[in-house]
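Biologist: I have a structure to learn from, and I would like to go through it by question. Shall we look at it together?

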2 protein chains.
Amino acid sequence: MKLSTRSLLLVPFLFSIGAGTPRGFFPESAAAQKKWEERYRSLPDPARLRESMRVLAAEPHHLGSEYGEKNARWILARLSEWGLDARIETFHVLFPTPRERLVELVEPTRFRAALAEPPVPGDPTSSQTEKQLPSYNAYSTDGDVTALLVYVNYGVPADYERLEKLGVDVGGKIVIARYGGSWRGIKPKVAAEKGAVGCLIYSDPKDDGYFEGDVYPGGPFRPGSGVQRGSVMDMPLHPGDPLTPGIGAARDAKRLSIAEAKTLTKIPVLPISYGDAQPLLAALSGPVAPAEWRGALPITYHVGPGPAKVHLKAVFDWKTVALHDVIARIEGSAWPDQWVLHGNHHDAWVNGAKDPVSGMVALLEEARAFGTLLKEGWRPKRTIVLAAWDGEEQGLIGSTEWAETHAAELKQKAVAYINTDSNGRGFLSAAGSHSLEAFVNEVAAEIEDPQKKVPVLSRARAKRLADAASAQVRKEVRDRANLAIDALGSGSDYTPFLQHLGIASVNFGFGGEDEGGIYHSIYDDFAWYTRFSDGDFTYGRALAQLTGTAVMRLANADLLPFDFTALSDTVSKYVKEVADLAKETREAEEERNRQIEEKLAWAVADPKKPFVEPKPRTPVPHLDFSELQNASEDLARAAKEYEKAFNAAMEGKSRPAPERLRELNFLLLAAERALTREEGLPRRPWFKHHVYAPGFYTGYGVKTLPGVREAIEEKRWEEVNREAETAARVLAKAAAHIRSAAKPLGSDL
Amino acid sequence: MKLSTRSLLLVPFLFSIGAGTPRGFFPESAAAQKKWEERYRSLPDPARLRESMRVLAAEPHHLGSEYGEKNARWILARLSEWGLDARIETFHVLFPTPRERLVELVEPTRFRAALAEPPVPGDPTSSQTEKQLPSYNAYSTDGDVTALLVYVNYGVPADYERLEKLGVDVGGKIVIARYGGSWRGIKPKVAAEKGAVGCLIYSDPKDDGYFEGDVYPGGPFRPGSGVQRGSVMDMPLHPGDPLTPGIGAARDAKRLSIAEAKTLTKIPVLPISYGDAQPLLAALSGPVAPAEWRGALPITYHVGPGPAKVHLKAVFDWKTVALHDVIARIEGSAWPDQWVLHGNHHDAWVNGAKDPVSGMVALLEEARAFGTLLKEGWRPKRTIVLAAWDGEEQGLIGSTEWAETHAAELKQKAVAYINTDSNGRGFLSAAGSHSLEAFVNEVAAEIEDPQKKVPVLSRARAKRLADAASAQVRKEVRDRANLAIDALGSGSDYTPFLQHLGIASVNFGFGGEDEGGIYHSIYDDFAWYTRFSDGDFTYGRALAQLTGTAVMRLANADLLPFDFTALSDTVSKYVKEVADLAKETREAEEERNRQIEEKLAWAVADPKKPFVEPKPRTPVPHLDFSELQNASEDLARAAKEYEKAFNAAMEGKSRPAPERLRELNFLLLAAERALTREEGLPRRPWFKHHVYAPGFYTGYGVKTLPGVREAIEEKRWEEVNREAETAARVLAKAAAHIRSAAKPLGSDL
């Protein structure tokens, strides 16, 4: 009997591992598959995970560093030693590093920011100062500016609307934004759009420091001198090497000049610690910051501008460096031209024990275990590709250049891309293509949570229920057969595969019980990780068990386990969301205009504070989502037709002839591509997926049905109608594609 | 034409002052009334308000102090000088003051709290150290305890539920609670119920300090050494002298012994500044406090218990002091045995420029203006009583003892009690008996906002709209003819009148644009007030204009302006609220029990943190509110019947004979009494009102339909049914009473 995953959680005595026959396996293949999977899951070894981390995180190993290259060679050696066909693919990419960094308060008092993270006792690698990249934001433009300071909260567009109401203009000023609320690259982008001449980004202790818990080394959270490094390239435009958009950065590739590159910032940016930020913020006056803008520093947060005046200087060495992706292959025995991919980056900002080594070592254990299985006689039917990416931290560069280089082949052959990155202790997080939601649930039901000895799926579902904000959400979680997976925005190496090439992708990781504040700092190292995260590496083992099981199933399924009903279900929710968003926006704008007529803002304004009279705006037109709604319903019908045909085939009623399976699987693996358009999204053609994209003004945060949703959010009303039509056509194309896959299964019988 | 108050706001060009014929005046009386009112409103004088504040706040003037008595005599002299019949009524009440105060950290390090507020430059009265009451909580019991410390957030019952989940027990410990979330007296009360042996209360800078704005003397907010004094007597049981509950504290009154007094705390309590609190809180470890418990100190908030160990000692001088209420009367010309009352306290914790002098000086200007009108020939038809209460800060003692002393006469004669207290710059706040809601709206439409030159009603409504949390709330505000007034809990001198005697009451004040943090500290003084609050005393004038207009209308209306439809409307909302609360509680308990069956808490618990398995609770029974709902609907019918009869009378269709007016007005003024029962509320018989009461576990916060609502909140299911029946009988009595008033107006014609 196949247990529904629902009953696994709701009846506690069924908190047991395993979920019956895997989707897409004919009965005669299933038994062998289960046997090999069980053997596989017995192999990943916490002691080896620990040892690999010790090696890989022993020294700073950023893109272009000596130890980074050494790591790539070490990974290559291990993969080869385990019997995998591995090699290094090298690209040549732009990577500026600091020549000069200066942040000083010049008025009304003087203070010079330390811009340094000191070594701490009990943490041996924190003292490798010479080899550490200094704290900075990569792809900041060069600059030397002195100007009044303005505090802009998270520095997202809504914050500037608020500043406008306070009568504060950032034109000609330096802004200081706190980390959070968006991906960091959004902050200098929006600041520059608003006329600012420089940008500081700091970690407020409210979001990332003592407010959350004890600070390092006493506890896991960010200390007063901790700084978050990070890239600020305009990744929502395109990730990868700024000089070779859309093509692989081979040595001889045709490159843009630096002046032509679109993804560098327009103004200089530097990140600072909250220790360095406090004197700057404390020197601001002007309006008191709105309550939700205030952090946890022991000061009154003012907005400015000034009297704090800041001198910000950032000068970079704009060099090109070699980037080393390590790629391993296990050739498929039956269908070698169908590829199942799993990648994790190996580069870090500094030592990067958590980010990315914790995920990298699990991928290595997966590779080692596959090597063992191969020796024991196992063969995948499809080709398995394992990748250790370089240059992720700078802008997904290693994965993007590789995906761009192999785009044609990948679009033809790739079944799915599985991504991992940082891992930790706690709950499974799984996000990605909804055609893989059912598959993800099945796999997660096989993996045991190391602490609670229940399926990681059950624990993830329990967490979803416990965190549910309303009875409605709880009902949805309880009623839905599968645990819903979130959509992917950006922030790791799945982006070129999913959103540029249209390859079904999933990102896996564990976390939530290992909170801390070492992200992109020198303290993300072996000492921190083994004290405060998955110190016994049992979640590292669980991750290797999970991704390896997923890879093995995708590699050997007779029929690829895509389920399009979860996709159509989810898309129908997105369609409802954008229609609701349009309605809410119309109502909000109506209310706004009504309040202007009522002189409400004037009546409540405190005459002792600045007051900016709001101006009426054009009412929001009624927008037409009918075509989109119809297309979404048709997608649902197509998905049901496919599911019916699939089930009939699996029950043996209409099994396709073996020689047709290959062709049918090619149709299935191409289904995600049907959700893309070659033209891409408005103003960012690199992003071709029309259901998932990182937000133009959120960065990592996903925008689903992005063309439509962002047009509404940015109040481009004509574009809303145009994009709704485009999205409808994309969904119609996907429905037709799914029907074309159902047909060989006998759906038209 | 009588403009509806609604149109005053919604059509901006009608932001004009005045609202036509006042309710309850026959046409022939209205013209004279309007003329006298206009004259009245021309009299209050900002310069005199300022000068009175300078005098009254010149020195600390708490209950029992030399300057307090001096102030009472000064007020008496002014009232007499203006031609009013004034006298002092003296009571003798228990008022403990500190002999010894000690708070010290004894482990793991040593720190001794300063327990002192230093003088600040530019603030001359802040240095009157000898005359200032030290910082303490009055009616704390004596105590000398040393114990581990536990941080309990606001120290309300829900916080202890959270602590239980964290596995933390306060038995035998000293708790430290922050101010806010409830009235301060709740904190030691609940702490003692939970077994704590001592209680510290501190002002966290998040709620009351630099988080909100610049601190004194740089800005208006509470500095690091500022302390909130205040009473912690168990006022939700009964306010007033702890030794004479229910009777006036005359010199020879029969008194309880201190041991018999019910309203003293069970454990010692002291208030401290955030400067003093920081070392104590920083020395706690144990679980990190839940996010919403964390304040704005630059530390990680831990719950404890310990390792911080605290020594708390508080010893008091339990003396009886003389209390001086000043009472002035203007005898009514037609109906001297119908009394209109207005009171404001004159005592302060220290200099008390804002609390209470800002309100007191407005009452004095009202008295002076009445004196002028009297000289010009005006005579009120009813008797006006103006009161300057003493001992409010200790527990509404002056008003309570006076109300208890004159209870029989007041229950017979009182038309309404108007209360004022602290006043400031900003928006009108009006709360009280809903039978006066329409009246309050009419009066507030007459008063000009000093800054915006629109009616204070319009500005209050604009504020309500601007702050509305939802479209639903905005719709309610826009659709309702009158601006709804809030119900009164406790916190000022209306409590004995409204909730003990059942006299219709309203509390008026302005504020919201003069935020600060000097409440109950030495910095609440003339220097602070004139810099940061209503520095030009124009809102003081507006308050005098408002309350005087209200008093004059209540004193002279032919038919008292009660409107019972607002009462019945509001009561029907309360009935719906308690029924909804019962339903939500049942659903929440069901969900809780379901999650226990699902083992949800176990599944999501972090095994590295303490975990307390939740235990199932008895399901909530279905509860019967039908009788209450029927009674509420009958009240609505009675209110409509009265309103119809009243309108007919005012239009001259069925005007009662002049000789019947007196009797009819006696029926009207007694209507609020119909909402009381002599037996009072469960476990606190002093509180007799069954629609409004301060919460047993909130203190100042109101509980409407308190018998029913608190029984639900405290999960006493049998009591819910019993109290719902009781409340239904009270509403039925009120409906019958209102019908008895409608009858003489010809409602039965």
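Biologist: Leaving aside its neighbours within four places in sequence, which residues is Ala444(A) in contact with?
Modeller: This is a predicted model. Contact here asks for C-beta atoms within 7 Å. Once neighbours within four places in sequence are left aside, the partners of Ala444(A) are Leu428(A), Ala430(A), Pro455(A), Val456(A), Leu457(A), Ala460(A) and Leu546(A).

Biologist: Which residues touch the most other members of the largest nonpolar core?
Modeller: That core holds 425 residues. Core members must be buried and joined through C-beta atoms within 7 Å. The residues that touch the most other members are Ala444(A) and Ala444(B).

Biologist: Which element gives the most to the side of domain 1 of chain A that touches domain 3 of chain A?
Modeller: Start with the assignment: domain 1 is 42-93 + 321-452 + 488-560, and domain 3 is 565-745. Between them, 23 residues of domain 1 of chain A are in contact with 28 residues of domain 3 of chain A. On the domain 1 side, S10, S12, H11 and H14 of chain A each give two or more residues. With three residues, the top giver is H14(A).

Biologist: Which element of chain A gives the largest share of the side that touches chain B?
Modeller: At this interface, 31 residues of chain A are in contact with 31 residues of chain B. Helices H1, H12 and H18 of chain A give two or more residues to the chain A side. Six residues, the largest share, come from H12(A).

Biologist: How many residues of that side of chain A are nonpolar, polar and charged?
Modeller: The side in question is the one of chain A that touches chain B. Its residues divide into 18 nonpolar, four polar and nine charged.

Biologist: What kind of axis relates the two copies?
Modeller: Chain A superposes on chain B with an RMSD of 0.0 Å. The rotation is 180 degrees, with 0.0 Å of shift along its axis. Also, 100% of the interface residues of chain A are interface residues in chain B, so the copies meet through the same surface. The copies are thus related as by a two-fold rotation axis.

Biologist: What is the radius of gyration of chain A, and what does the globule rule give?
Modeller: Chain A has 22 helices and 16 strands. For its 749 residues, the radius of gyration is close to the value from the globule rule, so chain A is as compact as a globular protein of that length.

Biologist: What percentage of the residues in chain A are buried?
Modeller: A buried residue has 20 or more other C-beta atoms within 10 Å of its own. Among the 749 residues of chain A, the buried share is 58%.

Key. Residues numbered from 1 in each chain as written. Chains lettered and ligands numbered in written order. Predicted model: local features only at pLDDT ≥ 70, side-chain atom pairs only at ≥ 80, totals over all residues. Contact = placed C-beta atoms within 7 Å. Helix = DSSP H or I, 4+ residues; strand = E, 2+ residues; numbered from the N terminus. Nonpolar A, V, L, I, M, F, W, Y, C, P; charged D, E, K, R; others polar. Buried ≥ 20, exposed ≤ 12 C-beta atoms within 10 Å, placed from the backbone. Least-squares fit on C-alpha atoms with pLDDT ≥ 70 in both. Domains from an automatic or database assignment. Rg over C-alpha atoms; globule rule 2.2 N^0.38 Å.
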